Amino acid sequence: MVGASAALAQDAAPPVFDAGLAQRLGADDHGMRGYVFVLLKTGPNKMPDGPERDDMYRGHFANMTRLSKEGKLALAGPYDGVDGWRGLFVLAVKDIEEARKLVATDPVIIKGEMVAEYHRYYGSAALMLVPEQHDKLARKKF
């Protein structure tokens, strides 16, 4: 069966370079771009369950939605909480300082529920397609 798969792969047309898409996504000649990876960790201030915590998380999701619509947030999601790792952002920004300013607008950071750790990341510019493709897959919004 491996031989048949290899033969099919050879018959498939190679992907066609889309200069307009590459430019829109900020891709370099390798189809890559720079990002800032943000690791969200448990912070010093655990917000107790209740309306204030619920409001904080509503604000957190609203902030992520805003950043995504602005083309700044390429990817986000929660971790399992092991070792204090709570979530991640992949921000399409030029440097860590800009990422810090954006993350500082998030209620979970403002309240101290989480703290952020920042790292430069070089990855596929196709990550910029995640928000628009995700919207086509989600039946419910946060």
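**Notebook: D83 and the overall fold**

I looked up D83 first: at 71% relative accessibility it counts as exposed, because the cut-off for exposed is over 50%. The model I am reading is a predicted one.

Next I checked where D83 sits. I found D83 in the loop between strand 2 (73-78) and strand 3 (85-91).

I then read the backbone of D83. Its phi is positive, about 60 degrees, although D83 is not a glycine. I noted this since most residues other than glycine have a negative phi.

I moved on to the secondary structure. I counted 6 helices and 4 strands in the protein chain. I wrote their order along the sequence as α-α-β-α-β-β-α-α-β-α. The radius of gyration of the protein chain is 19 Å, well over the 14 Å from the globule rule for 142 residues, so I put the chain down as more spread out than a compact globule.

For the extents, I took the box filled by the C-alpha atoms along the principal axes: roughly 60 × 35 × 30 Å.

I looked up burial and surface together. Of the 142 residues in the protein chain, 29% are buried. The accessible surface of the chain is about 9500 Å², and carbon and sulfur atoms hold 59% of that.

I checked the contacts between residues at least 6 apart in sequence. Of these, 74% join residues at least 24 apart.

Last, I looked at charge. The protein chain has 19 positive and 19 negative charges, and their mean positions lie 4 Å apart.

Methods
Residues are numbered from 1 along each chain as its sequence is written. This is a predicted model: local features need pLDDT of at least 70, side-chain atom pairs count only at pLDDT 80 or more; totals for chains, interfaces and linings use all residues. Side-chain values use heavy atoms; hydrogens and water are left out. Helices (H or I, at least four residues) and strands (E, at least two) are DSSP runs, numbered from the N terminus. The radius of gyration is taken over C-alpha atoms; the globule rule is 2.2 Å times the number of residues to the power 0.38. Buried means under 20% relative accessible area, exposed over 50%, partly exposed in between (1.4 Å probe, protein chains only). Contact means heavy atoms within 4.5 Å. Accessible areas come from the Shrake-Rupley method with a 1.4 Å probe; for residues, only the protein chains shown count as cover. Lys and Arg count as positive and Asp and Glu as negative; His and the chain ends are not counted. The place of a charge is taken as NZ of Lys, CZ of Arg, CG of Asp or CD of Glu.
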